[in-house]
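Please look over the sequence and the structure before reading on.

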Amino acid sequence: MANNTTGITRIIKAAGYSWKGVRAAWINEAAFRQEGVAVIIAIIIASFVDVDAITRVLLIGSVVLVMIVEILNSAIEAVVDRIGSEFHELSGRAKDMGSAAVLMAILLALFTWVSLLWGYFR
């Protein structure tokens with residue numbers, strides 16, 4: 001089914017769908033809510049630490065990346081759950097890989113924060 005909407009209307013509709021997705025993740029995914037609170041705290045900390053603009057962007061960007069990966073993981077889990085509730089090796093593998101992606105994003109954020117703020121706290 002083709003979508004014939006163009007221009008600003010398409011952008012407005014896309015923004016609405018995106019907001020609906022963020023809202024669904026917040027309502028249905030405890031991990032998203034927990035990481036969301038952690039990201040808000042991290043952004044506040046990054047805003048008050050005396051670092052240059054590029055470092056601040058890297059600090060904030062690394063934690064926002066965790067949220068992006070968590071949304072993608074939640075989408076994968078929703079699709080797998082929609083397909084069926086019976087166990088299938090590929091379904092389990094898809095969910096495990098999504099979870100691994102979130103873990104890697106978290107580790108990347110931690111590495112970014114530690115390496116960039118090492119000199120600040122020394």
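## The second largest pocket

Gly-21, Ala-24, Ala-25, Asn-28, Glu-29, Ile-71, Ser-74, Ala-75 and Ala-78 form the lining of the second largest pocket. Two elements, helix H1 (7-28) and H3, each give two or more residues to this lining. The structure is a predicted model, and the volume computed for this pocket is about 150 Å³. By class, the lining residues are five nonpolar, three polar and one charged.

## Annotated positions

An unreviewed UniProt entry lists Glu-29 and Glu-77 under "binding site". These residues are spread over 49 residues of sequence, yet they cluster in space, with a largest C-alpha distance of 10.5 Å. Of these residues, Glu-29 is included in the lining of the second largest pocket.

Glu-29 sits in the loop between H1 and H2, while Glu-77 has its place in helix H3. Leaving aside residues up to four places away in sequence, Glu-29 touches Ala-24, Ser-74 and Glu-77.

## The largest pocket

The largest pocket holds about 190 Å³ of space. The lining is made up of Glu-35, Ala-38, Val-39, Ala-42, Val-63, Val-66, Ile-106, Ala-109, Leu-110 and Trp-113. Nine of the lining residues are nonpolar, none is polar and one is charged.

## How the helices pack

Two packed helices are described by the angle between their axes and the distance between the axes. For H1 and H2, the angle is about 100° and the axes lie 5 Å apart. An angle of 65 to 115 degrees counts as roughly perpendicular, so H1 and H2 are roughly perpendicular to each other. On the H1 side, the contact involves Val-22, Ala-25, Trp-26, Ile-27 and Asn-28, which meet Ala-30, Phe-32, Arg-33, Gly-36 and Val-37 in H2. The contact of H1 with H2 has seven nonpolar, two polar and one charged residues.

What are the crossing angle and axis distance for H3 and H4? The axes of H3 and H4 cross at roughly 170° and come within 9 Å. H3 is therefore roughly antiparallel to H4, as angles over 145 degrees count as roughly antiparallel. The contact of H3 with H4 divides by class into 18 nonpolar, seven polar and four charged residues.

How values were computed
Residues numbered from 1 in each chain as written. Predicted model: local features only at pLDDT ≥ 70, side-chain atom pairs only at ≥ 80, totals over all residues. Heavy atoms only, no water. 1 Å grid on protein atoms, 1.4 Å probe; cavity = no way out; pocket = protein on both sides within 12 Å on 5 of 7 lines; lining within 4 Å. Points joined across faces, edges and corners; volume = space filled by probe spheres on them. Nonpolar A, V, L, I, M, F, W, Y, C, P; charged D, E, K, R; others polar. Helix = DSSP H or I, 4+ residues; strand = E, 2+ residues; numbered from the N terminus. Axes fitted to C-alpha atoms, helices over the stretch in contact; angles between N-to-C directions. Parallel < 35°, antiparallel > 145°, perpendicular 65-115°, else oblique. Contact = heavy atoms within 4.5 Å. UniProt positions renumbered as here; feature names shortened; annotations may be inferred.
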